[in-house]
Structures are given as structure tokens and as C-alpha cells.
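Please have your viewer ready.

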Amino acid sequence: MSLAVKQPPAADRVYSHVKQGVLDRRYEGGTLLTEGELAEAVGVSRTPVREALLRLEVEGLIRLYPKKGAMVLPVSAQEIADVVETRMLVEEHAVRKAVPASAGLVARLQELLDRQKAEAAAGDLAAAAVTDRCFHATIVRDGGNEILARLYDQLRDRQLRMGVAIMHAHPDRIAKSLTEHEEILDALRAGDADRAVELVHRHVDWFAHLARGEVR
């Protein structure tokens, strides 16, 4: 006799459905989501929809409008600037601490770089954005500072959402990102901490220029 697979709670299913839709841009910034539409899409009542939307509002992904629904918040220039500033502080420290890089770290980063290249070649920008973020998170976690790793993990959803939006708006950026990842990995492999920090700064600083409207 087969056992039925237990589904996650209804509110969790709605939460995951909407969040993934926002991150992979099925729900673009400015989209108005209604409780009825979401309840029908996930196959639940409206009560868990409201619970899920409240969680997403706390995370800054949507804004609730009573009796109307929820609007997906667009990625703002200020949000990009805040994420860039935090990334710069954490990643420059982490990459310097990663030198001399262990064979395990180098192998893991090479694996992620190869995966991102394959995803980019296949045109899967959402997957490429996830792998891009994993590349940097792997370096941060390698430093062994759990507080910094958790801080960096808190940026995850914002980074993924920004990454997909930026790749769509600047399709040439993914090729440049792959080249810069290759250079960062080469510097780590060579044990050149100063070069690795310089490369990370240049890589992340591009997003700062974007936030200031200096990228066309």
C-alpha cells in the first residue's frame, strides 16, 4: 500500500509560489496579485493566501493594499545600492581571508563556474543567477565566520531578484560576469589576495554604477 505524500501547509505553498514567481520574474514589479487568483492558482482558500502575503510584505517583496490585493515591488536604485554596499564589505573581506585557497574551494568554484557557463549557454538566466550567487556565497562561507555567512545569506533573495532582472536588461553582462568569475578564481588559485580583492571590487562595483544610472 502506497502512502500519500504529505504536502506542506497551505500558507507555505502560497508563499513559495509567489516568492518564486517574483524571483524568476513571472510576477514583474508593479504586478497586482489578488487573493482570489492566488488561491485558485495554488488550490487553497483565501485565508492561507493572506498569511503568505503578510510574510512576503515583511520581506519587502510586495506591498499589501486592503481589498485590492498585493503589488509586487520593483527593484529600486536604493535597494541595489544597499545590497552593493553590503556585498562589497563582506566579499572583499571574505576573498582576502580565502587566500591561500584550499584545493576543495578551488574545485567547488570551478564546478560552479562550469555550471553557470552551461546555464548561460542554454539561455536559462534564472538558473545562471542562482549559480552566480552561489559562487560568491561559497567564498564567504569558506571563511568560517558564521555571522558573516548568515548576513550574506540574508541578501540571497534580493541578489537573485536583482540578478535575473539585470541579466534581462543587460544581456551582455552575463558573459562579462563569467569572465570576472574566471579571473577571481585564477587569483585565488594563484594565492594573490590583493588581485582577488581588486577583482571582487571591480565585479561588485558594476552594480553600484547601475544603481547610479551610469550603466547603459
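This is a predicted model: local features need pLDDT of at least 70, side-chain atom pairs count only at pLDDT 80 or more; totals for chains, interfaces and linings use all residues.

Residues are numbered from 1 along each chain as its sequence is written, and side-chain values use heavy atoms, with hydrogens and water left out.

A cavity is a set of points, on a 1 Å grid over the protein atoms alone, where a 1.4 Å probe fits but cannot get out; lining residues have an atom within 4 Å of a point. Grid points are joined across faces, edges and corners, and a volume is the space filled by probe spheres set on the points. Searching the whole structure gives four cavities of 30 Å³ or more. The largest cavity holds about 190 Å³ of space. It is lined by 14 residues, and those closest to its centre are Arg87, Asp132, Gln159, Gly163 and Phe207. At least two lining residues come from each of helix H6 (125-142), helix H8 (156-169) and helix H9 (173-190); helices here are DSSP runs (H or I, at least four residues), numbered from the N terminus. H8 supplies the largest share, six residues. By type, this lining has seven nonpolar, three polar and four charged residues, where Ala, Val, Leu, Ile, Met, Phe, Trp, Tyr, Cys and Pro count as nonpolar, Asp, Glu, Lys and Arg as charged, and the others, Gly among them, as polar.

The second largest cavity has about 40 Å³ of space. Its lining consists of His93, Ala94, Lys97, Val140, Gly143, Asn145 and Leu148, and helix H4 (residues 77-97) gives the most, three residues.

Why is H6 described as largely enclosed by the rest of the structure? Because 13 of its 18 residues are buried, meaning under 20% relative accessible area with a 1.4 Å probe and protein chains only. Just after H6, glycine 144 takes a positive phi of about 80°.

Histidine 136 sits in H6 and counts as buried because its relative accessibility is 3%. Leaving out residues up to four places away in sequence, histidine 136 touches Arg87, Glu91, Tyr152, His181 and His203, contact being heavy atoms within 4.5 Å.

Now for the packing. A nonpolar core is a set of buried Ala, Val, Leu, Ile, Met, Phe, Trp, Tyr and Cys residues joined through side-chain atoms within 4.5 Å. The largest one has 42 residues, of which Val84, Val95, Leu109, Ile139, Ile184 and Leu188 touch the most other members. Two or more residues come from each of H4, helix H5 (103-121), H6, H8, H9 and helix H10 (193-211), with H10 giving the largest share, nine. Isoleucine 139 touches Ala94, Val95, Ala98, Leu109, Ile184 and Leu188, not counting residues up to four places away in sequence. Apart from this core lies another, of 18 residues, including Tyr27, Leu38, Val44 and Leu53.

Notes: On a 1 Å grid over the protein atoms alone, a cavity is a set of points where a 1.4 Å probe fits but cannot get out, and a pocket is an open set with protein on both sides within 12 Å along at least five of seven lines; lining residues have an atom within 4 Å of a point. Buried means under 20% relative accessible area, exposed over 50%, partly exposed in between (1.4 Å probe, protein chains only).
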